[in-house]
Every structure is written in structure tokens, then in C-alpha cells.
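Reader: I have a structure to go through for class. Can we take it step by step?
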Amino acid sequence: RQRYVEKDGKCNVQHGNVRETYRYLTDIFTTLVDLKWRFSLLIFILAYALTWLFFGLIWWVIAYSRGDLEHLGDHTWTPCVNNLNGFVSAFLFSIETETTIGYGHRVITEKCPEGIVLLLLQAILGSMVNAFMVGCMFVKISQPNKRAETLVFSSHAVVSLRDDRLCLMFRVGDLRDSHIVEASIRAKLIQSKQTQEGEFIPLDQTDLSVGFETGDDRLFLVSPLIISHEIDERSPFWDVSRGQLERDDFEIVVILEGMVEAT
């Protein structure tokens, strides 16, 4: 069967006919975080390389326009940047400025106001690039995808009697020693239905009670726990027979939420 949510937790849904793609750019940070790793690393490298090249070109233009490249070796001439003798050295000076390496061989002089302004702009822009890209990488690394690999659900859910009540039950456990804080669980029944007015609703979502009223949905996930949904008058399975349960096309999605104790 085609699943709405795969066993590994990935949603098997693709958005089509999206015309207003500019909306992704309005939230550029989330867009970058959602990209695949190869594209994120490419953007990470390009963000630094392009800014170094851009400011390196401007440093070279300033030296060229002031005539510093024509007075190389002239000790009576005060250049904008000492020991800047071409585009390669301007590019290296741009890297040293933005990364605050500061080797000391190439240094800006006080008789170059346009260079001082450019130095301030590059320092500010470099800090913004660092904050944006490092923050993006940190959020991407700390995403809960890998942490979810150590959360284990039972392969099958069962319907059985518990305390003389018919219940739908499954198990969930955490393999790590670091606990999930404020863990809570909920379940959704996803099934297409037709209303009394004849309206067809595809993939309608209905809540399955797993202890919200009693607080049992708040888990202390130290050892594997059995999650139970009681099939009573409020349950969508109340009027479903065993044979119909095997024939019906529906899906139950279980959502476990919480905070990782280590982070």
C-alpha cells in the first residue's frame, strides 16, 4: 500500500503546482536548513569564497585607482595597503581581514579613508556571514533526524483486551541513556471519508485518544512503554468489525515529541 507517512517517519507527500516560490526566499534560513547536505555545504563554501573574491576585487580596484600598483618599491609613496602588489595579494588581504588572521605583512595605512570604510564594511559583513552560516550549520547538525533513529516502535499494533476493555496497543522505547524531556505522544487516524452531505474528504485526520484526558500521554520514557487507545464510544473504531478492519484503507500515524536532554 502507498503510505502517507513512511516507517522511518518521512512524509510521503510532494507539493505540486506551487506558483508562489518566492515564499521560500522570504524564510531563507529555514530554506537553507531544509536543503540536502550537499547543497548546504556548497552554499556554505560559496558564501565565504564569493565574499572573499568580491572584497578582494574591491581592494585591488582601490589600489589600482590610487596608483599604488604603479609605485611598487617606491618608499616615498604611502599606499592604501602595504605590500599589496596585485590581485592575488588583494585576495589574500581580503581573507586575512574577514577571518581576522592578521599576518601583519599586508596592513592598511591611515592615509586611505576609502580603505578604512571598506575595512569596516567587510568586518561587519563577515560577522553577519559567520553568524548566518554557522547558525545554519548548527541547526542542521542538531536536527532530530538522527536522534529519532534510537527511538524504536513495535513492528505491529495489536487489538486486545486489557482490564476487560478492548484496546489498540503498541510499544515505544528509547535506546539511549540520555532521556527525552517532556515527552508526549499522540496518534492520528488518517482515512478518507464522505460526509452526510456527500462531500468527499481525502486523507481526513482524526485524533485517537492515547491518554490526553488522564495525562497518560505524558511519557517518562526510561523503559519501553505500552501505549493504549481504548476503543469506546468516542473511538473511530467503535463501529468497525474485525473483518472490516482488515479491509478498510486507513493509516495510524503516531507522533512522539519532546526535548533532547543533552541539547
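Reader: Is cysteine 112 buried or exposed?
Author: Cysteine 112 is buried, at 0% relative accessibility. Buried means under 20% relative accessible area, exposed over 50%, and partly exposed in between, with a 1.4 Å probe and protein chains only. This is a predicted model, where local features need pLDDT of at least 70, side-chain atom pairs count only at pLDDT 80 or more, and totals for chains, interfaces and linings use all residues. Residues are numbered from 1 along each chain as its sequence is written, and side-chain values use heavy atoms, leaving out hydrogens and water.

Reader: How many disulfides does the structure hold?
Author: The structure holds 1 disulfide (a pair of cysteine sulfur atoms within 2.5 Å). Cysteine 80 and cysteine 112 form it, with their sulfur atoms 2.0 Å apart.

Reader: Where in the chain do the two sit?
Author: Cysteine 80 is in the loop between α3 (37–66) and α4 (87–98), and cysteine 112 is in the loop between α4 and α5 (113–141), 32 residues apart. Helices (H or I, at least four residues) and strands (E, at least two) are DSSP runs, numbered from the N terminus.

Reader: And cysteine 11, buried or exposed?
Author: Cysteine 11 is exposed, with a relative accessible area of 58%. Cysteine 167 counts as buried at 4%.

Reader: New topic. Which residues touch the most other members in the largest nonpolar core?
Author: Val172, Ile185, Leu219, Ile227, Phe237 and Leu256 do, out of 17 residues. A nonpolar core is a set of buried Ala, Val, Leu, Ile, Met, Phe, Trp, Tyr and Cys residues joined through side-chain atoms within 4.5 Å.

Reader: Which strand gives the most to this core?
Author: β4 does, with 5 residues.
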